[in-house]
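Biologist: I've got the sequence and the model open side by side. Can we walk through what's in there?

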Amino acid sequence: MRCTAYTTQLPRPARLSDVMTTATPPPVSPEDWHAVSRRLTDGLRYVDAGMRPGAPIRLGAFDLRAVTPSTGFPAQGAGGFRWTARRARRALSLPAVRACLTHDALHPAVAVAAEERRLKARALAGAPAGSLARWLARCDAPTRAVARAEATCWATHLWQALDWRALGTVPAVGEPDQWWDWPGSSANAPLALRGRADLRWHLERSAPGDAQAPATAVALFSLLGGLPRPTSDVELGLAALVGGLLQPDAPPAMRVGGLWPSCGRAVVLDVDLTLLHAVVDAVLGATARASQRA
Amino acid sequence: VNRPLTARRRQVLAALRGETNRLPLDPSLAGGLREWLEDGIWEAATRLPADRRPLVVHAGTLRAALGDSSPLTPVEWTAGRALGVLGGALWRQICVTGRVGDPWADSCSAVRAHAPGGLGTFLCSLQVDRRTELQARLRADARALDAAWPPIPAHWHPRTSDRVYVPLAGGAVVLAATLDLVLGAPPAGARSTCVLQVRRTPGPVHRADLRFKALLETIRSGAPPRRAGTFYTARGDVEVADVDDATLAETVQQVIAAVTRLCAPPRTP
């Protein structure tokens with residue numbers, strides 16, 4: 001697991017794009033993926049044996065943070081999800097960055113305003129209850145302004161994070177989260193693992209056997225709030241693991257990166273066996289904690 | 001944001017833009033300042049007890065530490081402080097959408113959406129006549145603010161309420177600030193950003209706060225901002241100046257002195 005953190009070299013977007021795309025590592029072989037998958041499922045069976053029936057567990061990157069129950073591990077589904085201006089920033093900003101990439105908008109501030117208008121129109125056309133469109137249509141103008149301000153800030157950070165032309169291809173921005181489901185046993189709880197990345201794009205690397213036909217792999221990148229944590233590596237690696245488990249025959253994620261714009265730090269990791277096993281360990285630990293709470 | 005560019009607004013915009021000359025950039029400055037901070041606070045940070053980690057240092061904490069008053073005194077809400085926060089919320093709304101409706105209702109909604117804090121409780125506790133007076137002052141501030149604040153071009157990449165954290169000593173100490181407005185693209189060969197804080201009226205501590213924020217932005221983005229200033233909502237004017245390296249160095253010394261004091265064990269009577 002090679003980790004690259006950068007802080008000083010300017011311009012940073014060019015440097016980060018360079019680190020994300022060049023010197024791609026050898027991919028994890030299908031046999032190794034199979035071994036990782038088997039280790040995860042074997043581990044889950046072991047954890048599963050201690051679970052109480054009827055408590056489905058959903059785990060995302062946030063849940064991999066090693067927080068003990070005494071320090072306030074968030075209870076699953078406690079209070080339910082509720083949109084706020086802060087929570088709306090990712091959902092508003094990713095389409096805005098996509099619009100900038102496709103030249104539908106020139107700047108993030110304009111693109112976020114356009115996205116807000118689009119969602120309001122969607123709400124009028126009958127968006128489902130609980131959707132962002134419905135929330136935006138219902139909240140007052142000042143709250144919407146705060147949401148737009150937060151989203152503009154987030155979108156601008158993402159837009160300025162990378163040198164987009166240096167990526168070699170146009171990334172997919174804000175694709176739906178990927179879910180890997182573990183059915184559990186008849187008496188025990190099912191588990192769903194969520195893989196989330198803001199950007200996903202194909203890296204080209206020379207295939208070992210054929211220099212003429214470049215094989216493709218995937219790079220994943222996310223913008224993150226706050227400060228990096230000791231668990232940031234596995235949080236970033238979870239999206240690669242889920243993608244690999246869901247689509248074993250698809251091009252694997254070879255590199256994952258994250259940028260914390262609040263502190264200007266970035267972490268770029270090669271997806272290798274060390275990282276994948278670390279993610280499996282973190283998932284098993286989080287599952288055990290969640291089953292104890294259930 | 002569709003707002004006509006009056007002469008007053010044009011002045012503010014010109015002040016934010018500054019001279020067109022490119023300011024030289026020392027690419028090693030940000031790294032050097034950071035190392036200086038790390039070296040300066042390391043020993044003090046190692047004495048910080050585990051239950052006080054991370055020590056989060058804001059501009060206010062810094063001022064209190066340097067003023068030899070207790071940095072842990074809880075903030076008390078006053079009418080002036082409430083007006084500052086409500087005016088700041090109005091400014092953000094105008095900055096983002098270009099318009100504001102009823103200043104009192106809008107600012108209260110925005111504050112509730114952004115940072116509930118204890119302001120709502122304070123406002124509810126006010127007598128009716130005090131609240132009416134506060135509303136009148138806020139309306140006056142809103143008029144001044146609306147008359148002066150220009151539409152910010154989208155290609156300046158405006159970001160409002162941009163949070164900055166600088167972890168030091170392995171995360172034992174975190175310098176933190178919220179930059180009310182940041183303009184500009186990431187620095188490359190020249191200084192490119194402008195940092196603005198929003199206050200109601202001029203005060204003796206605003207320059208120190210601004211220097212602290214400029215230092216944090218320097219460390220975060222890898223280069224000093226080109227300009228830094230304060231916009232006063234009650235007067236509707238702006239004070240902006242170029243950021244010079246000597247001021248940043250002086251601020252580093254102040255931060256080291258303050259963090260050293262804050263890390264010291266509390267005095268026993």
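Biologist: How many residues does the contact take from chain A and from chain B?

Modeller: Ground rules: this is a predicted model, where local features need pLDDT of at least 70, side-chain atom pairs count only at pLDDT 80 or more, and totals for chains, interfaces and linings use all residues. Residues are numbered from 1 along each chain as its sequence is written, chains are lettered from A and ligands numbered from 1 in the order written, and side-chain values use heavy atoms, leaving out hydrogens and water. With contact meaning heavy atoms within 4.5 Å, the contact takes 33 residues from chain A and 35 residues from chain B.

Biologist: Which residues in chain A lose the most area to chain B?

Modeller: Buried area is the accessible area (1.4 Å probe) two parts lose on being put together, summed over both. Chain A and chain B bury about 2700 Å², 61% of it on carbon and sulfur atoms. In chain A, 20% of what that side buries comes from three residues together: Leu10(A), Pro142(A) and Gln160(A).

Biologist: Which residue forms a salt bridge with Glu150(A)?

Modeller: The rule wants a side-chain nitrogen of Lys or Arg within 4 Å of a carboxyl oxygen of Asp or Glu, and it finds 2 salt bridges across the interface of chain A and chain B. For Glu150(A), the closest N and O atoms are 3.2 Å apart, and the partner is Arg92(B).

Biologist: At what angle do helix 4 and helix 7 of chain B pack?

Modeller: Axes here are lines fitted to C-alpha atoms over the stretch in contact, with angles from 0 to 180 degrees between N-to-C directions. The axes of helix 4 (residues 79-97) and helix 7 (residues 128-148) of chain B are 10 Å apart, and the angle is about 40 degrees.

Notes. Helices (H or I, at least four residues) and strands (E, at least two) are DSSP runs, numbered from the N terminus.
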